[in-house]
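Please read them beside the structure.

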Amino acid sequence: MTTERAPVGTAPAPVGPLSKIDYSQRIPNNVNLSEDRRLQRALESWQPQFLDWWQTLGPQLPTKDVYLRTAIAVGRDGWAHFDHVPMQEYRWGIFLAPRDLDRRIGFGRHKGDPVWQEVPGQHRAELMRLITVQGDTEPASVEQQRALGRTAPSLYDLRNLFQVNVEEGRHLWAMVYLLHAYFGRDGRNEAEQLLRRHSGDRNTPRILGAFNQATTDWLQFFMFTYFTDRDGKYQLGTLKESAFDPLARTCAFMLKEEAHHMFVGASGVQRTVQRTAELMAAHGSVDLFQYGGIPLDVIQKYLNAQFSVSMDLFGSEQSTNAAAYYTGGLKGRWQEDRRDDDHMLRAAKYPMRTVRGGAIVEDTVPYLTALNLDLRDEYVADCRNGVHRWNQALAAVGLDERLVLPHEGFNRTIGTYAGHWISPTGEVLTSEEWHRKAEAWLPTDEDRERVAKLMVPHYQPGDFAGWIAPPKVGINGQPVEFDYVHLDDEASLEDQACGVRR
Ligand code: BYC
Ligand code: FE
Ligand code: FE
């Protein structure tokens, strides 16, 4: 069936139905699950609910199997084993980065103490809150993306979507493990709630704003994996510094998987821009819908929308929560150990932009309460790199047009800019002025409809939709035209009805 490269290290246990569970066999883990009866019992009741959730709110497109990477061990190669597997039999595992016995707390008032292997009573509620918020985003994104399989631009992209989906599922497992193992009955309740809230649900929505929007099409999916998964990367980077060692180790391992999500977003947008640039150069026109491409101004609007909603995920620029998390040792800064200061920040200051008297001004505020902003500034700098690389596709065909990141205050609903009307270039406008121009800045219903019309599935190996350039290389050394996904007969029949051969 496959010719995947042999994994180094442990051979994977055979994949089979999960109905009869031998935990030590079926749930790949490095947390001694086979010895831990309490954890086994908690998972025994949660896991069927998870599978039920995956069946009802996971990927809609029926597939036989998908060429997926599965983590089977934490070692250098063990976490990246590739094979065609039926998705419902994906072996969601529990992995923590290896323990460093000498690790000490790197910041805050417990700085220098050994890290915690158990949850201290004084920080229990805050830690559970952070883990719950993190855990809530993972299944939310799977729910948001569930319909996309029906309109994939290629089998290669379809496989990448499913890879992201199963890994977000595993990230949910990672947080549920922490809730089950360290927070007793309260943790078990929270773990159930993670499957009860749903993206966009009017009564039980997901916790954070960006996770309640539908991912309408593949351009939005690529923007989401670029901008919103990147918030995930930065948030996980701060939790990786946590004094609560099991959380730190869990997040360190999740970050390995996150790299692929970054890749899907960055390369997905790049390939879209590349095709747009080629069509613009070939036809000398910007109205590309007629040529089966996505106009650059529509790409810019999608970028504006996803960037601004992702900026909201960092919380308020000034946050006493963030100060308390830091001082308590629960959540550090991005690359805390590379920061050249006292890691306590009691007297330190930080520059913060805000709107005053109809203009954007810079204030100097206590660093401790500005840690959400500190993280967001790191994030924005990273986002800028991506935009710069996308622009190279435009430069390569001699075009002068460029994509830009909008101003940090544009279209914000959380923090200091909320309630102000800032243009993408950073002018402070009246609500009326802003709304008059909003159609030029954010995707309109018509834009989304026209993009949606281009989203026709391409399920033949090596076939790609016309709005996106093929990638240069395939996954795990496989050719681009590899049969990454075997569709279910049911899906194939529907495709034939739509005129797509298989
Ligand atoms: N929407 O003090 P403030 C990922 C709430 S993405 C709704 O300013 P704080 C992924 C806030 O919860 C990474 N509510 O904020 C990506 C607080 O409520 P409570 C997810 C919001 O607490 C793609 C109140 O407003 N991980 O992994 O300093 C695919 C006051 O807020 C929002 C994390 O976020 C919002 N946008 O910071 C899959 C890490 N923003 O508590 C996965 C864990 C704020 O007063 N979470 N609020 O009721 C945290 O570190 C923090 O909770 C936040 C907020 C950074 C989110
Ligand atoms: Fe995740
Ligand atoms: Fe992710």
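1. I begin with Leu345, which is buried because 23 other C-beta atoms lie within 10 Å; a residue counts as buried if 20 or more other C-beta atoms lie within 10 Å of its own, as exposed if 12 or fewer do, and as partly exposed in between, with C-beta atoms placed from the backbone. Leu345 has a positive phi of about 65° although it is not a glycine, and it is found in the loop between H9 and E3.

2. His343 lies in that loop, between H9 and strand E3 (349–356), and has a positive phi of about 60° without being a glycine. His343 is partly exposed, with 18 other C-beta atoms within 10 Å. Helices (H or I, at least four residues) and strands (E, at least two) are DSSP runs, numbered from the N terminus.

3. This is a predicted model, in which local features need pLDDT of at least 70 and side-chain atom pairs count only at pLDDT 80 or more, whereas totals for chains, interfaces and linings use all residues. Residues are numbered from 1 along each chain as its sequence is written, while chains are lettered from A and ligands numbered from 1 in the order in which they are written.

4. Of the 25 residues around ligand 1, those that come nearest are Gly232, Gly315, Ser316, Ser319 and Asn321, where near means a C-beta atom, placed from the backbone, within 6 Å of the molecule. Helix H3 (124–144), helix H6 (218–239) and helix H9 (320–327) each give two or more residues to this shell, and the largest share, six residues, comes from H3.

5. Buried residues make up 47% of the 502 residues in the protein chain, whose secondary structure comes to 13 helices and seven strands.
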